[in-house]
Amino acid sequence: MSARVDKVVVSGVFSLDGQDFDVDNNVWLVGDDDEVLVIDAPHDAAPIVEAIGGRKVTAIVLTHGHNDHITAAPALREATGAPIWFNDQDRMLWDMTHPDVAPDRDLAPGTRFTVAGTTLTALHTPGHSPGSTCLHAPDLTTVFTGDTLFCGGPGATGRSFSDHPTIVRSIRAQLLSLHGDTVVRTGHGDDTTIGVELGNVPAS
């Protein structure tokens, strides 16, 4: 398999409900020496562009609409010419950050991306936000979970547009059915596996 996964950590501020938090965001690059797909575009496009290193960018895929995952998306689009894919159910969050520009394409459930010989499929996993979406890459034994599932359990649901019972249902229906060895590559923090997280997700 020629595709590989690279990570860039970009630091900045997450803002919602009148509060600001300093955060470190994971940006995932899936591809080879020629082309790459970028998952999330937080804070500052420059370190992402540097990691791309002149490769063709096939898509910029955003896991959800919180500002710390989308701030750099328009600048990254301008730098690479790649379209921004975004689940329209999070459009109210997008518009808080980018009221004057729009994403390019709707990241609907089941959307498939092919890059460097591997396929990623969009899994709609609402709860952290209504449009939260994960990307499953079975050839790489990997799922990119944004802020839906972390090392230690479900993502946060204490803010606007989030709901705890919904995120638990999403994780159980869409993620915990994946093979236990599947590596969970998250929006913040360390990797984990589906097998490890089976014990960290409540029944409801």
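Which strands does helix α1 (residues 45-52) lie across? Helix α1 lies across β1, β2, β3 and β4. The model is predicted. Its sheet has six strands and is open. A search of the whole structure turns up zero disulfides.

**Sheet**
- The strand order is β1-β2-β3-β4-β5-β6, with mixed pairing.
- The edges are β1 (4-16) and β6 (105-106), and each of these pairs on one side only.
- Strands β3 (residues 35-39) and β4 (residues 56-61) run parallel, joined by five bridges.
- I39 has V61 in β4 as its bridge partner.
- Strands of a sheet pair through backbone hydrogen bonds, either parallel or antiparallel.

**Helices on the sheet**
- Helix α1 runs at about 175° to β1. Among the strands it lies across is β2 (19-31).
- Helix α3 (residues 73-80) lies across β3, β4 and β5 (84-86). Helix α3 runs at about 160° to β4.

**Cysteines**
- The cut-off for a disulfide is a pair of cysteine sulfur atoms within 2.5 Å.
- For C151, the closest cysteine sulfur is in C134, again 15 Å away and too far for a bond.
- Is C134 buried or exposed? C134 counts as buried because its relative accessibility is 0%.
- C151 is partly exposed, at a relative accessible area of 48%.

Terms used
Residues are numbered from 1 along each chain as its sequence is written. This is a predicted model: local features need pLDDT of at least 70, side-chain atom pairs count only at pLDDT 80 or more; totals for chains, interfaces and linings use all residues. Side-chain values use heavy atoms; hydrogens and water are left out. Two strands pair if DSSP finds at least two bridges between them. Helices (H or I, at least four residues) and strands (E, at least two) are DSSP runs, numbered from the N terminus. Contact means heavy atoms within 4.5 Å. Axes are lines fitted to C-alpha atoms, for helices over the stretch in contact, and angles run from 0 to 180 degrees between N-to-C directions. Buried means under 20% relative accessible area, exposed over 50%, partly exposed in between (1.4 Å probe, protein chains only).
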